[in-house]
Amino acid sequence: MSDTVRVRYAPSPTGFLHIGGLRTALYNYLFARHHGGKFILRVEDTDRARFVEGAVEDFMHMLNWAGIEIDEGPGRDGPYGPYYQSQRLDLYTNHAQKLLNEGHAYYCFCSSDRLDQMRKFQEKSKLPPKYDRTCLRLSPEAIKKNLDDHIPFVLRMKVPHDSTVQFTDLIRGEVEFAGSNIDDQVLVKSDGYPTYHLANVIDDHYMKITHVIRGEEWVSSTPKHILLYRYFGWDVPQFAHLPLLLNADRSKMSKRQGDVEARAYPPKGYLTEAVVNFISLLGWNPGDEREIFTMDELIKEFSIERIHKAGAIFNIEKLNWINTQHIRRKSDEEIYNMLKSDLEKSGYSDFPKQYVMSAIGLMKERINFIHELLTFSSYFFRDPDTFDPDGVKKRMLPPAKKHLSELADRLEKLDVFQHNEIENVFRTYAEENKIKASELIHPTRLAISGVTLGPGLFDLIAVIGKETVVRRMRYVVSHFDQITKLPA
RNA sequence: GUCCCUUUCGUCUAGUGGCUUAGGACACUGCCCUUUCACGGCAGAAACAGGGGUUCAAAUCCCCUAGGGGACACCA
């Protein structure tokens with residue numbers, strides 16, 4: 001085994017990148033980077049029937065989105081390519097032949113019908129379900145005849161029943177399987193393609209993979225893989241089987257219960273940092289009480305030893321919180337840049353960068369998603385056309401009409417239109433009229449934003465600007481009866 | 001059914017025999033701050049699946065039971 005750590009994420013293009021797959025890729029990546037090793041993407045496209053168009057592109061795109069850099073893989077050639085299994089068929093065939101020659105594999109001509117019946121019988125008789133080795137007993141002549149007759153066949157591996165296969169899982173410790181419980185796995189399908197088990201072992205060997213970090217669903221086939229390594233006389237890599245991501249009901253995470261495809265998250269407004277941070281914590285923790293991490297910090301902290309054994313439920317509430325944490329850590333300018341295209345789409349592209357950044361500054365701590373700046377606080381960009389009915393009822397009382405009118409006049413006269421000066425206008429007016437400032441503040445907020453919640457009013461006024469604020473206040477004054485009547 | 005894995009607050013988790021009246025975070029509740037909503041601060045409720053051992057001492061080690069999950073394809 002080479003000194004440099006080499007790990008791989010090896011998805012099958014039978015669907016789009018699963019959020020659990022993204023976590024597996026991330027753990028591999030973190031491990032590689034932590035150890036100064038290589039992260040390889042290998043496409044396991046040996047199932048021609050289930051191939052999904054666009055899946056590979058989706059993997060690449062989402063990995064890139066997540067900030068997971070591929071050192072070797074499709075489109076990024078390395079010394080051990082190609083990185084599509086469908087382009088490595090000869091390799092598998094040669095090695096299968098070798099296994100056959102050495103008696104570690106055998107021809108099987110059983111039809112799927114027969115296999116189905118066999119399994120049904122085994123199930124009924126409460127026997128462990130495995131191939132019954134009918135074809136292992138075929139004479140060389142019978143095999144030759146079948147071959148000559150072009151009867152479809154598969155190659156199965158011959159598992160020694162009298163031994164046990166044991167391995168040390170980096171996460172689970174010692175795991176042991178009795179040879180008698182290991183099935184004579186199909187290695188080469190009747191279409192000539194290898195199964196996962198064969199191809200995966202051969203590729204991991206030739207790609208010099210040092211650590212196989214994959215989902216827990218693979219533990220039970222690991223002994224088969226180890227046997228294959230032994231048959232070929234190869235070193236066995238280290239194994240680490242990750243706990244599964246679970247639905248709320250603790251079943252394996254699947255559709256129906258929330259979004260399982262990674263690509264569903266960016267459009268919802270989840271930040272790369274948040275998703276990466278969140279999934280990194282699903283089964284791993286740094287050992288102290290920090291929870292917010294950048295990719296670089298994760299790379300620094302990550303270790304396989306600190307991976308949990310039990311499956312984790314994907315808890316969207318916590319993701320949301322982590323998203324808010326990362327929003328706050330971003331500069332106003334970063335957020336501005338992320339918002340740019342949405343701004344254009346909404347027709348708000350005329351607003352100066354400085355203005356939008358000020359709005360961002362005021363809203364950053366109040367939003368869960370960046371796009372909420374455009375939805376929940378559209379009043380930064382357009383005059384309100386509706387007024388929160390409950391707010392109107394409670395705050396837009398008759399005296400407000402006069403107050404708004406007067407305040408608008410006073411604001412208009414202000415030379416320095418900033419927080420303190422604005423606040424002064426309100427406080428002074430309140431004192432003069434012997435009323436509480438809140439009797440002014442609430443109607444004003446409603447008048448200029450249409451809603452009852454938002455940033456501190458004086459900051460809001462300062463950012464939105466004199467002209468707009470005064471216009472909106474006067475609009476409400478002139479439509480006061482209409483506005484206060486509507487919500488009846 | 002067979003094999004394998006797993007089991008600490010609702011959820012993510014800390015805990016590797018004494019430091020633990022089991023810690024943190026999300027969510028939840030209350031209070032404070034406050035012009036609103038958030039933020040923030042403080043407080044609260046909330047867990048070692050059960051039973052046996054081992055030990056002076058167990059959430060931590062062992063065994064059994066139960067629950068959960070995964071695998072059992074010519075899918076990965």
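A: Begin with the elements: helices (H or I, at least four residues) and strands (E, at least two) are DSSP runs, numbered from the N terminus. Pro 82, for instance, is found in the loop between α2 (55-66) and α3 (89-101). The peptide bond that leads from Gly 81 to Pro 82 is cis, with omega near -5°.

Q: What conventions apply to the values?
A: This is a predicted model, in which local features need pLDDT of at least 70 and side-chain atom pairs count only at pLDDT 80 or more, while totals for chains, interfaces and linings use all residues. Residues are numbered from 1 along each chain as its sequence is written, chains are lettered from A and ligands numbered from 1 in the order in which they are written, and side-chain values use heavy atoms, with hydrogens and water left out.

Q: Which residues other than glycine have a positive phi, and where is His 150?
A: His 150 is one of them, with phi of about 60°, and it sits in the loop between α5 (140-148) and β4. Lys 434 is another case, with phi near 55°, in the loop between α17 (419-432) and α18.

Q: Is Lys 434 buried or exposed?
A: Buried means under 20% relative accessible area, exposed over 50%, and partly exposed in between (1.4 Å probe, protein chains only). Lys 434 is exposed at 74%, and His 150 is exposed at 69%. Asn 337, in helix α12 (residues 332-345), is partly exposed at 42%.

Q: How many aromatic pairs does the structure hold?
A: Rings of Phe, Tyr and Trp (its six-membered ring) pair if their centres lie within 6.5 Å; planes under 30 degrees apart count as stacked, over 60 as edge-to-face and the rest as tilted. The structure holds 23 such pairs. Among them, Tyr 206 and Trp 234 are edge-to-face, 5.4 Å centre to centre with 80° between the planes. Tyr 206 lies in helix α6 (residues 196-206) and Trp 234 in the loop between α7 (222-232) and β9 (238-242), so the pair ties together parts that are 28 residues apart in sequence. Tyr 206 is partly exposed at 31%, whereas Trp 234 is buried at 13%. Tyr 379 and Phe 380 form a tilted pair, 5.1 Å centre to centre with 35° between the planes. Tyr 379 is buried at 4%, and Phe 380 is buried at 2%.

Q: Over which ring does the charged end of Arg 263 sit?
A: A charge sits over a ring if NZ of Lys or CZ of Arg is within 6 Å of the ring centre and within 35 degrees of the ring normal. The charged end of Arg 263 is placed over the ring of Phe 16, 3.7 Å from its centre. Arg 23 has its charged end over the ring of Tyr 27, 5.3 Å from the centre.

Q: How many residues surround RNA strand B?
A: A residue is near a strand if one of its heavy atoms lies within 4 Å of it. RNA strand B is surrounded by 62 residues, and the closest are Lys 189, Ser 190, Glu 291, His 308 and Arg 366.
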